[in-house]
Amino acid sequence: GGGREMIALLERGYTVDAFEPAASLVEAANKIIIPRFGTRLRQATLQEWSKQAHGTYDAIFAGWGMWTHIIRHHDRMTALRTFRQVCPSGPLLLSFWRYEKAFDNYEDPATPLPLYPEPQNRMERLTRSLLRQKILRLPPIERGTGWFAGMYVHYTSECELREEGSLAGWN
């Protein structure tokens, strides 16, 4: 984002490595961060960072719904494993949009969805199976993927978070 979390942490004396994929946000944030703190927000996607990550961190903070923009299971798993590699004993905070309802009158337990759920209705069968997979030859849409404000987003369930975290060595 615009460096809000980075500034807050720097003001409290932390050493911070921060990344943002949008060049315009990086440029705007660095106009404030560089003169004030002598460090910079760097431009990179989580996928790019995961390929070149090194060093050791005391904590990982992925804020402002960032996890919502990591659509592919493979990318989430790579990131989680990389987080674990560079932050072996520290906490991990992931900010995401929740799949489950915020309030459930019956407190039904969440059940994990398969990675590639079956289309739920005629429209999904047409757009996801026929158009996407058969005509465009794209991979199937994964669990938790939805369409919001003109872009695909990922809604994370507790079951999924627990499963993916465990596979990457997180408790």
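**Exercise 1. Which residues of helix α4 are buried, and what covers them?**

Solution. The model is predicted; local features need pLDDT of at least 70, side-chain atom pairs count only at pLDDT 80 or more, and totals for chains, interfaces and linings use all residues. Residues are numbered from 1 along each chain as its sequence is written, and side-chain values use heavy atoms, with hydrogens and water left out.

- List the residues: H73, D75, R76, M77, A79, L80, T82, F83 and V86 are the buried residues of α4.
- Find the cover: it includes α3, β3 (60-62), β4 (92-94), β7 (151-156) and α6 (158-167).

**Exercise 2. What span should helix α4 have?**

Solution. 

- Take the helix: α4 covers residues 73-86, which is 14 residues.
- Apply the rule: the expected span is 1.5 Å times one less than the number of residues.
- Compare: α4 should span 20 Å, and its end C-alpha atoms are 20 Å apart, which agrees.

**Exercise 3. Is S50 buried or exposed, and which residues does S50 touch?**

Solution. 

- Locate S50: it lies in helix α3 (residues 46-52). Helices here are DSSP runs (H or I, at least four residues).
- Check accessibility: S50 counts as buried because its relative accessibility is 11%.
- Look for contacts (heavy atoms within 4.5 Å). Leaving out residues up to four places away in sequence, S50 touches T78, A79 and T82.

How values were computed: Helices (H or I, at least four residues) and strands (E, at least two) are DSSP runs, numbered from the N terminus. Buried means under 20% relative accessible area, exposed over 50%, partly exposed in between (1.4 Å probe, protein chains only).
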